[in-house]
Amino acid sequence: MKYVSTRGGDLPKSFCEVVLEGLCRDGGLSMPESIPKVSKETLDAWRKLPRYSDLALEVMSLYATDIPRDDLKKLVEGAYNSDNFAVESIISERTISNQVKVLGLSEGPTYAFKDMAMQFLGELFPYVLEKQDKKLNIVGATSGDTGSSAIHAMKGKPRIEVVMLSPHNRMSAFQTAQMYSVQDDNIHNIAIEGVFDDCQDLVKALNNDIEFKEKHHLGAVNSINFARILAQVVYYFKGYFMTTESNDEKIDVVIPSGNFGNIFAGIIAREMGLPIHKLILATNENNVLDEFFKTGIYRPRASKDVHLTSSPSMDIAKASNFERFIYLIAGSEKTKALWEQIEEQGYFDLTGDPLWKERASWNIESGESSHQNRLETIEKVYRESGELIDPHTADGVFVGSQYLDGDLQLCLETAKPIKFYETIKQAVSDAPFDLTEVKAIEALPQKREVMANDVTLLRQFIESALN
Ligand SMILES: *Cc1c(COP(=O)(O)O)cnc(C)c1O
C-alpha cells in the first residue's frame, strides 16, 4: 500500500515513511492510495476473532503492508492488552435505551478514547525509529486530553523524549495529576505561565525554525497522523461485532467530533464494507463541521473565536482531518483548489458545486449541542437507564436522538464520566461517583517545570535536556 497527499503534490510513500511525518511537502495529508474492500466471507471470519488485537492485526495489515506480519502482531499485542486497558475486550458496551447503545472507548490509562490510537503509536514509533535508526523528540502543546494520552503512551519508550507544554494552573486537578504524576525520565512536563494558545504558539515558533527542528529531531503526535486514524478504524469493526448478531444488520453510529479524526475512521470502515448506514456527526458550540454538513460552507474560525465549553476536547477552530473527507469525495485537484480558497478568502462554499448535489449519498448527518442540551441529556440518560455519560458523549447522544430511525444507534463514548465529574454533578447532583481512584492519582507526587512564556527559555531547555 502506498500513501499519497490529499493535494496530489508529493511522491507516494510507504506506511512507515508516513508514520513519523506531519504534513506532506505540499501541505496536504497522507492517504492510502486506495481503500481495501472486505468481502462478506472476511467479515464473517473477523466476527469470530477472539481478541481485539487479533482483529487489529487483520485490519491494520491491509494498510501497514511494509511491516512484516509477525512484527505487526507484536505491536498490536503490545498495545491492546489488559495491562493498558481496564477490560479484557479493550472496548465495552452499555445499553441506554431500546434503540441506543454506548460504545465505551475510554478504558485506557487516561480515560479518553485518544488512548485507543495513542497506545498503538507508543508501540509503533519505537519500532519504526529502530528500523530507521532515528530518534524522535516530541514537542507538543496540550489543554489536557491529547498530551496526557501521549505521555502515558510514550513513557519509558526507547528513542523517544516528550516535551509537553500545558497552561500553568489552568487544567483540572485531575488532568494536571494525570499528566504531571508521570515520573519517567523521557517525559518532560512544562507548565507555561500563559494560556493554551501561548503553548501552541511556542510549539509553532520552534517548528518554524527548520534548522533547530532538524538539529533536535523535533516531531509531533498530532491528530493528522494516518496511523492514528488506522488504529481507530479497528474499533468500528469491533463495536459492530459486539453489538450485533450478524453481518446482515445495519447500524448507525454517532460520533462526538472535533478534528474529524474519529468520524473519518468510521468513514473508512464503511468504505471497506462494514454495514454502517448513517454516520452522525455531533459538535458542541464550536460547530464548523455541523455548519458545513448543513450549508455546504466550510469556514474555519480564528482561535480567538473558539468557545470554551463543557466538552473541552471538542473546542476546535478548524477540523484538520476534514481535508481527508473532501479528498475522498472530490480527489486531490479539487482539494488543492478548495484549500487555496480557504487561504485566500477564509472559507469555501460548495453549494453551487455538483458535489453538493451528491450530499444525500454521503450518508452523514450532523447536529450541535449547547451546554444546557448536554446537561439535560446527562440527566435524562441517568434517570432512564441508570448510566452516567460524560459531556462529550452526551453531545453525541443528544444529536443522535434527532436521527433515530429504527436501526440500532451506536453512540461512541469518547471519555469516561469520572474524568468530567464536576460537570456531571451539575446535571445529576447525587451522581454515584467513586472518586477513590481519582483522589489516589491526585495525591501522587508530581514532576513538572514551570516556565515563563518565552521561546528562548524553551529552546534552552531543549538544548540542555535533550540531545
Ligand atoms: C479528541 C476528543 C474528541 C474529538 O475527536 P476528533 O477525532 O478530534 O473528532 C471528542 N471527545 C473527546 C473526549 C476527545 O478527547
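Student: At roughly what angle do the axes of helix α16 and helix α17 cross?

Tutor: A word on the ground rules: this is a predicted model, where local features need pLDDT of at least 70, side-chain atom pairs count only at pLDDT 80 or more, and totals for chains, interfaces and linings use all residues. Residues are numbered from 1 along each chain as its sequence is written, and side-chain values use heavy atoms, leaving out hydrogens and water. Helix α16 covers residues 371-385 and helix α17 residues 391-400, and their axes come within 8 Å and cross at roughly 85 degrees.

Student: And which word describes α16 relative to α17?

Tutor: Angles of 65 to 115 degrees count as roughly perpendicular. That makes the word for α16 relative to α17 roughly perpendicular.

Student: Which residues of α17 make the contact?

Tutor: Contact here means heavy atoms within 4.5 Å. From α16 come N373, R374, T377, I378 and V381. Facing them from α17 are P391, A394, D395, V397 and F398.

Student: Which are the edge strands of the six-stranded open sheet?

Tutor: Strands pair if DSSP finds at least two bridges between them. The order is β3-β4-β14-β9-β10-β13, with mixed pairing. An edge strand pairs on one side only, and that describes β3 (92-95) and β13 (364-368).

Student: What is the bridge partner of R94 in β4?

Tutor: Strand β4 (residues 100-104) pairs with β3 in the antiparallel sense, over four bridges. Within β4, R94 has as its bridge partner V102.

Student: How far apart are the closest N and O atoms of K294 and D290?

Tutor: A salt bridge is a side-chain nitrogen of Lys or Arg within 4 Å of a carboxyl oxygen of Asp or Glu. K294 and D290 both lie in helix α12 (residues 288-295), four residues apart, about one turn of the helix. They form a salt bridge, and their closest N and O atoms are separated by 2.9 Å.

Terms used:
Axes are lines fitted to C-alpha atoms, for helices over the stretch in contact, and angles run from 0 to 180 degrees between N-to-C directions. Helices (H or I, at least four residues) and strands (E, at least two) are DSSP runs, numbered from the N terminus. Angles under 35 degrees count as roughly parallel, over 145 as roughly antiparallel, 65 to 115 as roughly perpendicular and the rest as oblique.
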